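Please keep the structure in view while reading.

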Amino acid sequence: MSQLFEAFMVICFGVSWPISIAKSLKSKTAKGKSIYFMFLVLVGYVFGIVSKLEAGTVTYVLIFYILNLIMVGIDIGIYFRNSKLDKSQAS
């Protein structure tokens with residue numbers, strides 16, 4: 001049962017990333033985004049994955065950690081693209 005609750009937690013967090021990615025793509029600006037926050041979240045997911053592997057509790061929940069990690073990575077990539085766009089528009 002605890003795995004189910006953990007899966008729901010990670011899924012709830014994961015729902016926000018596609019929304020954030022879509023907003024970043026549409027806005028084409030990095031304004032209002034925090035790269036530090038996104039890196040902290042990314043590191044948090046890495047620690048969650050390592051914890052699962054280290055404890056030997058690899059279940060289906062690991063898939064959601066990995067999907068969230070990928071989505072945060074995509075959002076970070078878009079952040080850097082949008083930062084470049086912001087700099088070029090300021091020139």
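The crossing of α1 and α3 is left-handed, a term used where the near helix is turned anticlockwise from the far one by less than a right angle, the clockwise case being right-handed. Helix α1 covers residues 2-27 and helix α3 residues 61-90; they pack at an angle of about 20 degrees, and their axes lie 9 Å apart. Because of this angle, α1 and α3 are roughly parallel to each other (angles under 35 degrees count as roughly parallel). The contact of α1 with α3 is made up of 16 nonpolar, six polar and three charged residues. Here Ala, Val, Leu, Ile, Met, Phe, Trp, Tyr, Cys and Pro count as nonpolar, Asp, Glu, Lys and Arg as charged, and the others, Gly among them, as polar.

A word on conventions is in order. Residues are numbered from 1 along each chain as its sequence is written. As the model is predicted, local features need pLDDT of at least 70 and side-chain atom pairs count only at pLDDT 80 or more, while totals for chains, interfaces and linings use all residues; side-chain values use heavy atoms, with hydrogens and water left out. Helices are DSSP runs (H or I, at least four residues), numbered from the N terminus.

Helix α2, residues 35-55, has 21 residues. From its first C-alpha to its last, α2 reaches 30 Å, close to the 30 Å expected at 1.5 Å a residue. Which residues of α2 are buried? They are Ile35, Met38, Val41, Leu42, Tyr45, Gly48, Ile49 and Lys52, where buried means under 20% relative accessible area, exposed over 50%, and partly exposed in between (1.4 Å probe, protein chains only). Seen down the axis of α2, these buried residues fall within an arc of 145 degrees, so they line one face of the helix. On the other side of α2, Tyr36, Leu40, Phe47, Glu54 and Ala55 are exposed.

The loop between α1 and α2 contains Lys28. Most residues other than glycine have a negative phi. Lys28, although not a glycine, has a positive phi of about 55 degrees. With a relative accessibility of 47%, Lys28 counts as partly exposed.

Lys87 is located in α3 and is exposed, its relative accessible area being 64%. Lys87 and Thr29 are 58 residues apart along the chain, and their C-alpha atoms are separated by 9.7 Å. Gln89 also has its place in α3 and is exposed, with a relative accessible area of 62%. Between the C-alpha atoms of Gln89 and Val72, 17 residues apart along the chain, the separation is 25 Å.

Technical notes
Axes fitted to C-alpha atoms, helices over the stretch in contact; angles between N-to-C directions. Helix = DSSP H or I, 4+ residues; strand = E, 2+ residues; numbered from the N terminus. Parallel < 35°, antiparallel > 145°, perpendicular 65-115°, else oblique. Expected span 1.5 Å × (residues − 1). Arc of directions from axis to C-beta.
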